[in-house]
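Hi,

Here is the structure I promised to pass on to you. Please open it and keep it beside you while you read the rest of this email.

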Amino acid sequence: MDMNQYLDMFIEESKEHLQSINQNLLQLENDPDNIQIVNEIFRSAHTLKGMAATMGFEDMASLTHEAENVLDLIRNHKLRINSDIMDIIFQSVDLIEGMVYNISEGGNGTADVSGPVAKLRAIVNGDLDAIKETGGTEQAAKQAVPDESLAAGTSRHYMLDDYALTVMKQSKETGHNLYWLQVELREDCILKAARAYMVFDQLEAHGEIIKANPSVEDIENERFDNSFEVVYISKSGAEEIRQAIESISEIHQVHIETIDLTSPSHEEVSHARQEASAAAEQTVERKPAVEQQGAASSNKKVSTGKTIRVDIERLDVLMNLFSELVIDRGRLEQLARESGQPELQETVEHMSRISGDLQSIILTMRMVPVEQVFNRFPRMVRDLAKELNKKVNLEIFGAETELDRTVIDEIGDPLVHLLRNSIDHGIESPEKRKQSGKSEEGTIQLKAYHSGNHVFIEVRDDGQGINKEKVLKKAIERGIVGAATADSLSDKQIYELLFSSGFSTADVISDISGRGVGLDVVKTKIESLGGSVSVDSKQGEGTTFLIQLPLTLSIISAMLVQVENEKYAVPLSSIIETAVFRPDEIMTAHRQKVIDFRGRVVPLVSLKEIFQIPDSGQKKEDEVAVVIVRKGEKMAGLVVDSFIGQQEIVLKSLGKYLVNVFAISGATILGDGQVALIIDCNALIK
Amino acid sequence: MLEQTEIVGEVKVIVFRLKDEEYGVEVGQVKSIERLTHITRVPRTPDFVKGVINLRGVVTPIIDLRSRFGLEEADHTESTRIIIVSVGEVEVGLIVDAANDVIDIPVDAIEPPPEVVGGVEAAYLRGVAKLEKRLLILLNLDKVLTPEEMKQLDGLEG
């Protein structure tokens, strides 16, 4: 059967479930007695197992299955969580994550799961210590296998309450048969809920359903994988029931087992189950009162039920169409103004307002909360801190801040880099922190917030701060700055050296950071997204990295300038400021025209010369209009004839024919319908 | 040659004028024919690239076909047209002196191009169609629009 059409969905959903497992595991680590969390994890793992099995990823399914067994024991209070168990579960989740990644890269998702599987089984059998001592997973695995299969055979959990058990006992006495049914729908079944309903209908015609798993409500809402389980009382024989169900189309297969009520484990299980659900109820009741945040997040979960998945390409098309509308709007506004007809002006004004609203809706549709990226960090920080024997507390603020989907996809790696950097270089060891009078546990704050047309992401640690002398020494060693210029650098400029390529200040080259490729990669990546990154630090108190990102990549703010008869757009993100200079303020150094801008010598670039713009014969003002642009620390002044003004422009590509045009990054369409080219300032600054 | 005679079919072409010759491009490759509008010059591109226009929201590069073929450029007149053609993913507009006809050419009327026709190199041509009193030069657009070709020219010029 061709599964490819479901593969994307599988990968996407697997990631979501893994994410939620990771998150819940971290919570569980801090609150090990909260069965509610275990239940959440169990549910995710269960779904994951079902999906993996359906898609034929056996290794993933079997590993998830073992993890599920452990979780089941925990949630039924048969096992207490300790850090060893947590670690093994974390390892398993990592392995599963690896498989999902492998699958998404086109692999077949196979991996050697024997190690974790053996460990998980050992947990189930209660001899984890043994396995840890011998270290030989193989042997233990062999031992564990028969035990496990035995256990699985006898203790199927029907999850029945006392009432159901009484009913079943009575039914048994009156000559009814008790069955456990597992109905599996075909994988390509479209209307799962409808099929399930037909199954229920058939069953009810011949007997009575005691319990369904997932619940009837979930089944009605199609919240189940391809199979569901039913505890059922009927006078009919098993074969009869099987035939009745198999007569319904799109049923893959039916498992029927007769329930033996004499088995003692049921009572126990049901008892444990009751306790568990009681505990769960308690936590549910307590939650809203205690934590507002918890309530908010669960609200969010409800609302996600009403979302639809849309291909990002469709949103791109919508965005493109809309940007055309924006251009026409500009033109219409201009025409209406010129016509002087009040009715027309009014209508156009109204239309502008509506299209403004439309614009914000379309832009927000492409927006995703940065949470998506942040979610994986707590786990990463935990692992890293453990590895480095440091104590680190990650605080996340503003995870709900939204960014364009394209930016979200790209921002993950740079942030990982910065966080690693903070943990490795920033936060000191607990002993050292104690000595300097700090708490043993270091804190890293990850903050995201909106400001104007930008989103800021801040990575702040309360570690040792940047050692300026060390940075300078290293920079001189590596030839990044000359010893002579080093003295004249400001603190800020010294910190910026961290972003130069081939720089690393770690005393010992560790696995985590300090491989020489580092912050410069972060900087390049962020600049390619139209953003910027800066760093600030206080010796002994900590370091803050600040990333500034544009809200969206398709509409940007730009300054329109005129040179002779041509108009160009300069992205606002690379402009420092615009200024007007008198001719006598322009100096020459090494046959290059320069100006003095706030004490810095800035070279002038004549757009007319560099773009070979034909002379229009217009008389020039004496004063020279200059747009000061920057590329990192370097600056240049673009000489133009006049500034037209600031404007929101829609980015357009020049098409496939004109590629690699010098110093032009794209084009936009102005209100008068003409095309203006967008200047790529990076190419103009050497 | 045998194959050519066997295929009895017709090709629909758009006919345009460049200097004194008539040229044809297959209708399938033509997206539209436009009147001359404002062209925004793109700096540091070969001379025959006249710039880009706003074609209903799509920024489209414009090539002056005369200068592309090394013919002397002429002033634009009332009859000057831009033929928007698309080959693969590349979409460009070609400035021609006039575009005024759509005709069907029998495939067997197409002959391979001679070395040079009307000053245009054979590499850019697909063939020559002889029709009663007209001589129609069929363009090989893939060749005309190769970006590699453009880079080469770019290199030569400076």
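This is a predicted model: local features need pLDDT of at least 70, side-chain atom pairs count only at pLDDT 80 or more; totals for chains, interfaces and linings use all residues.

Chain A has 686 residues, and 30% of them count as buried. You will find 25 helices and 22 strands in the chain. Among contacts between residues at least 6 apart in sequence, 68% join residues at least 24 apart.

α5(A) is mostly covered, with nine of the 12 residues buried; among them are A:Val117, A:Leu120 and A:Ile123. Just after the helix comes A:Gly126, where phi is positive, about 80 degrees.

Next, have a look at an open sheet of five strands in chain A, in the order β6-β8-β9-β11-β10, with mixed pairing. β6 (392-397) and β10 (532-538) of chain A each have a single partner strand, so one side of each is left without a neighbour in the sheet. On average, neighbouring strands here are turned by 15 degrees against each other, direction ignored.

β10(A) pairs with β11(A) (residues 542-550) in the antiparallel sense, over seven bridges. One bridge links A:Ser532 with A:Gln548 of β11(A). Helix α18 of chain A (residues 405-426) packs on the sheet and touches β6, β8, β9 and β11 of chain A. The direction of α18(A) makes about 20 degrees with that of β9(A).

Enjoy exploring!

Conventions:
Residues are numbered from 1 along each chain as its sequence is written. Chains are lettered from A and ligands numbered from 1 in the order in which they are written. Helices (H or I, at least four residues) and strands (E, at least two) are DSSP runs, numbered from the N terminus. A residue is buried if 20 or more other C-beta atoms lie within 10 Å of its own, exposed if 12 or fewer, and partly exposed in between; C-beta atoms are placed from the backbone. Two residues are in contact if their C-beta atoms, placed from the backbone, lie within 7 Å. Two strands pair if DSSP finds at least two bridges between them. Axes are lines fitted to C-alpha atoms, for helices over the stretch in contact, and angles run from 0 to 180 degrees between N-to-C directions.
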